[in-house]
Amino acid sequence: MSEIIVKGTKKLEGVLPVQGSKNSSLPILAACVLVDGVSVLHNCPFLSDVDAAVRILEHLGCVVTRDGHTLTVDSRSISCCNIPENLMREMRSSIVFLGSLVSRCKKARLFTPGGCEIGLRPIDLHLSALRSLGVSIEDEGSALGFEVREKLEGTVISLSFPSVGATENIMLASVFAEGRTTVLNAAREPEILDLAAFLNKCGCKIFVGSQGTIVIDGVKKAHSCEHTIIPDRIVALTYMSAVACCGGDVLFQKADTSHFLSVTGVFEAAGCRLETKKDSVRIVSSGKLKAVRDIRTLPYPGFPTDAQAPISAMLCTAEGTSVIVENIFESRFNHVGELVRMGARIKVEGRVAIIDGVKALHGAHVRAVDLRGGSALVVAALGARGKTVISGLKHIDRGYERIEECLQSLGAQIERSAESG
């Protein structure tokens, strides 16, 4: 167990490359199960969630090696189609292995996944889609058993909500189905496009339309390929929030700015100056921010729910009153109580957070209870007066690669140390 210790109010300056995307790495690692060969994945970040995915792959019989940010997955000798409870509970995204296992093995047995407690994320959409493709499902209590009845057969699936996880599982489950599968109201996130790009390199036939329609024509097999994971847009936005909060001038390299156009306007409205290019963004901030009146999280291409927490931390010291409406998850304000401990003035009413800006936050002992809420505490600590001690780092380490080292490279006074006592 460890803690992050931050001495705030130091301006951030320099250049920082953005890590590979967590939310792209995990489904692509699951997709490696489909490959009758070797997959080489570049720009794969050092994260505990990635480690958990690797342990699942190894349990299934894959041979996985890492050389820096490159992971090599040899999936020719898969010998298992069950994922035990201890591995499933390590991360929420473990459910994405379901589609791949059903495709490759024609059966699977999984437990309820773990992960952040940010509200209900039921897998009903996943299950109904698999049934329509020809999969029978048996409820075994804490586990679920899956088996292809006769064959996987393409169909039309209309999602009631553009769920990222359900869209990924449908794509993975249908690549070997007979005929054509059409997904309506599918998720449109960049990570969906990255998964499709990887699968197409493996010989699959997936077309992603611009209006939430995905068409998958079934193939007989998937072959080896080499692929580079896209940059992590949420990590980029988190570090941009930190610069905005405490002031500074930072150039973020390897950042696909087309992936977060819905958020750049928030920084500009708050008083920051942005210089964006296709693969980089520079943010300049005096540290004196203005409130942003109306922010509403929405499915992509709307404002991402994953960016809500660090942006809310940034706005704690903005002049005026900011309002954030959380439309995706009902429990995504778990970090607010910890920000209040640091002197923030935030009132939560259902899915709405009203942030009255204060002149300054102060250091405190706080605890991360989920991934993005943990990143919000780091952002707040960087702009706060005095020393902040953050525990619960297992959540932060799920999505941020060596967060303290990245921020140190920009001049932040931040370090990781063993917990006292």
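Analyst: A helix here is a DSSP run of H or I with at least four residues, a strand is a run of E with at least two, and both are numbered from the N terminus. Please keep in mind that this is a predicted model. With that naming, Arg 402 is found in the loop between α13 and α14.

User: What makes the phi of Arg 402 worth a remark?

Analyst: The phi of Arg 402 is positive, at about 45 degrees, although this residue is not a glycine.

User: Why is Arg 402 called partly exposed?

Analyst: Its relative accessible area is 42%.

User: Is Lys 254 buried or exposed, and how do you know?

Analyst: Lys 254 has 54% relative accessibility. Exposed means over 50%, so Lys 254 counts as exposed. Lys 254 also has a positive phi, about 55 degrees, without being a glycine, and its place is the loop between β14 (248-253) and α9 (261-269).

User: Why is the contact of Lys 221 with Asp 36 called a salt bridge?

Analyst: The closest N and O atoms of the two residues are 3.5 Å apart. A side-chain nitrogen of Lys must be within 4 Å of a carboxyl oxygen of Asp, so the pair qualifies. In general, side chains of opposite charge can pair when their charged atoms come close.

User: What does the pair of Lys 221 and Asp 36 tie together?

Analyst: Lys 221 sits in the loop between β12 (214-217) and β13 (225-228), and Asp 36 in the loop between α1 (22-31) and β3 (38-42), so the bridge links parts 185 residues apart in sequence. Asp 36 itself is partly exposed at 41% relative accessibility.

User: How do you know that Asp 397 and Arg 416 form a salt bridge?

Analyst: Their side chains meet at 2.9 Å, N to O. The limit is 4 Å, so this pair passes too. Asp 397 lies in the loop between α13 (393-396) and α14 (403-408), while Arg 416 is in strand β23 (residues 413-418), so parts 19 residues apart in sequence are tied together. Asp 397, at 21%, is partly exposed, and Arg 416, at 30%, is also partly exposed.

User: What makes β7 and β8 a pair of strands?

Analyst: Pairing takes at least two bridges, and 5 join β7 (residues 135-139) to β8 (residues 143-148), so they pair. The two run antiparallel, and Ile 137 stands opposite Phe 146 in β8. They form a hairpin with 3 residues between the strands, and Gly 141 in the turn has a positive phi of about 90 degrees.

User: Which strand gives the most to the lining of the largest cavity?

Analyst: That is β8, with 3 residues. Among the lining residues are Ala 143, Leu 144 and Phe 146. The cavity holds about 40 Å³ of space, and its lining divides into 7 nonpolar, 2 polar and no charged residues.

User: How many charged residues line the second largest cavity?

Analyst: Its lining has 3 charged residues, next to 5 nonpolar and 1 polar. Asp, Glu, Lys and Arg count as charged, so Asp 232, Arg 233 and Asp 256 belong to that class. About 30 Å³ of space lies in this cavity.

User: What is the peptide bond from Tyr 300 to Pro 301, cis or trans?

Analyst: This bond is cis, with omega near 15 degrees. Pro 301 has its place in the loop between β17 (295-296) and α10 (308-314).

Methods
Residues numbered from 1 in each chain as written. Predicted model: local features only at pLDDT ≥ 70, side-chain atom pairs only at ≥ 80, totals over all residues. Heavy atoms only, no water. Buried < 20%, exposed > 50% of the residue type's maximum accessible area, 1.4 Å probe, protein only. 1 Å grid on protein atoms, 1.4 Å probe; cavity = no way out; pocket = protein on both sides within 12 Å on 5 of 7 lines; lining within 4 Å. Points joined across faces, edges and corners; volume = space filled by probe spheres on them.
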